Amino acid sequence: MSTVQLTFYIPGNSVLHRLNPLTKLALVLAFLMICFPLMHPLYLFLMFFASLGLAALCGRRVFRRVLLGVVVLLPAAFAMAMFQCFWTAVPPPWRVACHLGPLRVTYEGLWYGYVFAGRILAMGTFTFLMVVVTHPSDLFGELRERLKLPYTFCFMALASLQFIPILWREATVIISAQQSRGLPARGFQAFLANFIPLFASAWERARVLAMSLEARAFGSSGKKTRLREVPFTLTDKVVSVASLVLGAVILYIEYLNNWFNFMRTYWIDPTLALVLALTALNGFIAFMVYFLVRLVVPTGG
Amino acid sequence: MAVSVPERVPTSYIAALIPVATAINVIGGWLVNIFHLPVFLDMIGTAVVAFTLSPWWAVVCGVLTNIAIAVFINPVYLPFAACNAVGGLYWGYLARLGFAKDFPRLLFMGITSAFVITSVAVPIYVFVFGGATGHFSDIMTAAFLQAGLALPAAVFSSNIIVSLADKVLSVFVAVAIIEALPPALKYRVEIMRAPPARIAVYVASGVAISMAFLLIAKFIFGLW
């Protein structure tokens, strides 16, 4: 049976690994602040590649894990680019760049579509990099201790992240057991036949956990101790403040350059426009064919 | 003999049940891929929490679910936490009003929740993602767009067909799960006995297919 990872965290000693989780949260906030309103695909793709470069600096294992995350984001990126290319959502007037059969490609659609694709790739990659270099218990511990988030909420969030891989593993065992008994491998009946034993087992875990929590005075007041202590150093303070200030400054520069405005008129070289439209269309078709094949062709069992 | 139940559910039970419900949501979403089901089924745990604990605990469960899905599966799903939260609130308050105590009312709850949740999902699809998220329902959206619908209407039409089947199935599976829970967790709301799985599937498929036919009829005959 394949082993299931408990989190996406990869231990390491890079600069990002050594930062306090709250500092990483400030970095994510600043990055999202810059990316989200930005309507310029070139800069968004630059930020995406910069995030990949940062992942490479954190070590080979981190880089590989982040690349896997990018693969998960690609179908969404292709779909977003393709939709806007052919069915532009920004208000008219639109200028036609080229025709692909019955489909019409507009300059505005291409620009807007690649803005969406670049945005999801940049934001998703950077955020996933931070997930990979942060231990979840450190993050929730810091949120509770320094940002005073309710202990119950932090406990539930952490317990959820720990339960998922455990139930995932149990689901794999149950599916194998049910299939070895000759149960169908597809359809709602098969889903229920596997889901109900899984829930029974999950409920038993919840019951035991509730009793343990009760026995250990869950919800009592007083200072909670932690297994992993993470310092909030001077570097953390400087990086947190600098990232938020820099984020605000870049946001202001974006505003001055009119990069928020999606109503601007853009011009792209017609050959490049055709290449970009074909890339978006082919990428979307490839992933949709993959999804349809997975939906139709039975796997295993 | 009367069963004695506590006035309120102990915090330790809540703190244990919500992570399990969250995990069930995430694993449910994963199992539908394994069993090739064209639905989401990532809100069953939220429905269980909404019916048994309270609407606001269901919101917590819904938000945690989408955070976990974003971490473990795909970050695209993070903004859809709003849908999961609204679904939890809607189911929780309707269950308190007695909409979970018999088959027709539960079916009504499932169908109307699909419209409520899709209404929350459409602005997220359109304004955050430009209408597409890389899900298989994007194919339907593309077909509706090519048929001449505006982007929000195309996203709504493709989403509602999947959502109807999904939400009706979710509430019926949640009712089946609640039957297995201890009395201390289920005395607050009167909940019907779970119908056989086959009936739930027929009803959910029927509702979704009817909606698909209505949408096709709208295009072909220009109804309403």
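Two residues are taken to be in contact if their C-beta atoms, placed from the backbone, lie within 7 Å, and the legends that follow describe close-up views of a predicted model.

**View 1. Helices α1(B) and α3(B) meet within chain B.** From α1(B), the residues Ile14(B), Ile18(B), Ala21(B), Thr22(B), Asn25(B), Val26(B) and Gly29(B) meet Trp57(B), Val60(B), Cys61(B), Leu64(B), Thr65(B), Ala68(B), Ile69(B) and Phe72(B) of α3(B). By class, this contact has 11 nonpolar and four polar residues, with no charged residue. The axis of α1(B) and that of helix α3 of chain B, which spans residues 55-72, come within 9 Å and cross at roughly 45°, and that makes α1(B) oblique to α3(B). The crossing in which α1(B) passes α3(B) is right-handed.

**View 2. Helix α7(A) crosses helix α1(B) between the two chains.** The axes of α7(A) and of helix α1 of chain B, residues 11-34, come within 7 Å and cross at roughly 45°, and the two helices are therefore oblique to each other. The crossing of α7(A) and α1(B) is right-handed. On the side of α7(A), the residues that make the contact include Phe155(A), Met156(A), Phe163(A), Leu167(A) and Trp168(A), while those of α1(B) include Ile18(B), Pro19(B), Val26(B), Ile27(B) and Leu31(B). Classed by residue type, the contact of α7(A) with α1(B) has 18 nonpolar, four polar and no charged residues.

**View 3. Chain A and chain B touch through 58 residues of chain A and 47 residues of chain B.** On the side of chain A that touches chain B, α4 (60-86), α5 (107-132), α7 (151-180), α8 (188-215) and α10 (270-296) of chain A each supply at least two residues. The largest share of that side, 18 residues, comes from α8(A). The residues of this side of chain A divide into 45 nonpolar, 10 polar and three charged.

**View 4. Helices α4(B) and α5(B) cross within chain B.** Helix α4 of chain B covers residues 81-96 and helix α5 of chain B covers residues 103-129, and their axes come within 9 Å and cross at roughly 155°. Angles over 145 degrees count as roughly antiparallel, and α4(B) and α5(B) are therefore roughly antiparallel to each other. Their crossing is right-handed. The contact is made by Ala82(B), Cys83(B), Val86(B), Gly87(B), Tyr90(B), Trp91(B) and Leu94(B) of α4(B), together with Met109(B), Ser113(B), Val116(B), Ile117(B), Val120(B), Ala121(B) and Ile124(B) of α5(B). These residues divide into 12 nonpolar and two polar, with no charged residue.

**View 5. Strands β1(A) and β2(A) form a hairpin.** Strand β1 of chain A, residues 96-100, and strand β2 of chain A, residues 103-106, run antiparallel and are joined by four bridges. Val96(A) has Thr106(A) as its bridge partner in β2(A), whereas the bridge partner of Leu100(A) in β2(A) is Leu103(A). Two residues lie between the strands of the hairpin, and Gly101(A) in the turn has a positive phi of about 65°.

**View 6. Chain A is divided into two domains, domain 1 and domain 2.** Domain 1 of chain A comprises 15-135 + 233-296, and domain 2 of chain A comprises 150-215. The C-alpha centres of these domains of chain A lie 35 Å apart.

Definitions and conventions: Residues numbered from 1 in each chain as written. Chains lettered and ligands numbered in written order. Predicted model: local features only at pLDDT ≥ 70, side-chain atom pairs only at ≥ 80, totals over all residues. Axes fitted to C-alpha atoms, helices over the stretch in contact; angles between N-to-C directions. Parallel < 35°, antiparallel > 145°, perpendicular 65-115°, else oblique. Left-handed = near helix turned anticlockwise from the far one by under 90°. Nonpolar A, V, L, I, M, F, W, Y, C, P; charged D, E, K, R; others polar. Pairing = 2+ DSSP bridges. Domains from an automatic or database assignment.
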